[in-house]
Amino acid sequence: MLTLYQAEWCPFSSAVREVLTELGLPFVARPVEPAPELRDELRSVAGTDEIPVLVTEEGDVHRGTRAIYRYLRTREPWEYAAAHRRHFIDHRDARETDTPGQLIEYFRGTGELEAGEATEVEPEVVDVPEQNRYELLLGGRRLGLAAYRRRDGRIVFTHTEVDESCSGRGYGSFLARAVLDDARRQGLEVTPLCPFISKFIERHPEYQDLAAAHYRDR
């Protein structure tokens, strides 16, 4: 199997991973040490401390994005290459936002959401355009958010999250309804990159006319 020496924060590594995915080539992603001077294993394998580096099944070593691309152009793509390219284009807005950063903060337990306590106070959803997101508030606490990008008469939802303490209490659906109703009020077409919003639209036919045509037709 192909082995890619890489780091998630490295844009060159990210570009190579995308092409490997488009081509349908299985690979092992090997993380490297954060500082080049610490990468003894990579130097022993590839004679360099710079990433990305791709090692083929035969043991050939390709150093740097351009060399890796020259090699990958010799490989036959699988049947889903065009569909993956389409998804890459569709997810431009997600790449340009801090969606990965938000998800990483969730993993680290350093996110912005607060636990929700049982209360008779009605939740509310407010638009915070300077941060490109809607916020779900309950008694002054931020329980959830729906991140978005607005572009050319459409709104692209990239990430939706509700604090785990509120699971099963209907707050996620409340947030989804509120943001979709607001999109309708503003006459915006919806691109639901966020899986939660996408599934919500799928389950609620009254919102399906908001979705971009190629999402409705999938």
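Start with the charges: this structure holds 12 salt bridges, a salt bridge being a side-chain nitrogen of Lys or Arg within 4 Å of a carboxyl oxygen of Asp or Glu. What you have open is a predicted model, where local features need pLDDT of at least 70 and side-chain atom pairs count only at pLDDT 80 or more, while totals for chains, interfaces and linings use all residues. Residues are numbered from 1 along each chain as its sequence is written, and side-chain values use heavy atoms, with hydrogens and water left out.

**Stop 1: salt bridges**

Select Glu 8 and Arg 17, whose side chains meet in a salt bridge, 3.1 Å from N to O. Are these two buried or exposed? Glu 8 is exposed at 59% relative accessible area, whereas Arg 17 is buried at 13% (buried means under 20%, exposed over 50%, partly exposed in between, using a 1.4 Å probe and protein chains only).

Next, pick Arg 30 and Glu 41, joined by a salt bridge of 2.5 Å, N to O. Arg 30 sits in strand β2 (residues 27-31) and Glu 41 in helix α2 (residues 40-46), so this pair ties together parts 11 residues apart in sequence. Helices here are DSSP runs (H or I, at least four residues), as are strands (E, at least two), numbered from the N terminus.

Now jump to Arg 184 and Asp 209, with their closest N and O atoms 2.9 Å apart in a salt bridge. Arg 184 belongs to helix α7 (residues 171-185), and Asp 209 to the loop between α8 (195-203) and α9 (213-216), 25 residues apart. While you're at it, select Asp 40, Arg 43 and Asp 49, which a network of salt bridges links.

**Stop 2: two helices**

Show α1 (residues 11-23) and α4 (residues 81-90): their axes come within 7 Å and cross at roughly 140 degrees. The axes are lines fitted to C-alpha atoms, for helices over the stretch in contact, with angles running from 0 to 180 degrees between N-to-C directions. Which residues meet here? From α1 come Glu 18, Thr 21 and Glu 22, and from α4 Ala 81, His 84, Arg 85 and Phe 88, contact meaning heavy atoms within 4.5 Å.

**Stop 3: rings**

There are 4 aromatic pairs in the whole structure. Rings of Phe, Tyr and Trp (its six-membered ring) pair if their centres lie within 6.5 Å; planes under 30 degrees apart are stacked, over 60 edge-to-face, the rest tilted. Finish at Tyr 134, Tyr 148 and Phe 157, a cluster linked by ring pairs.
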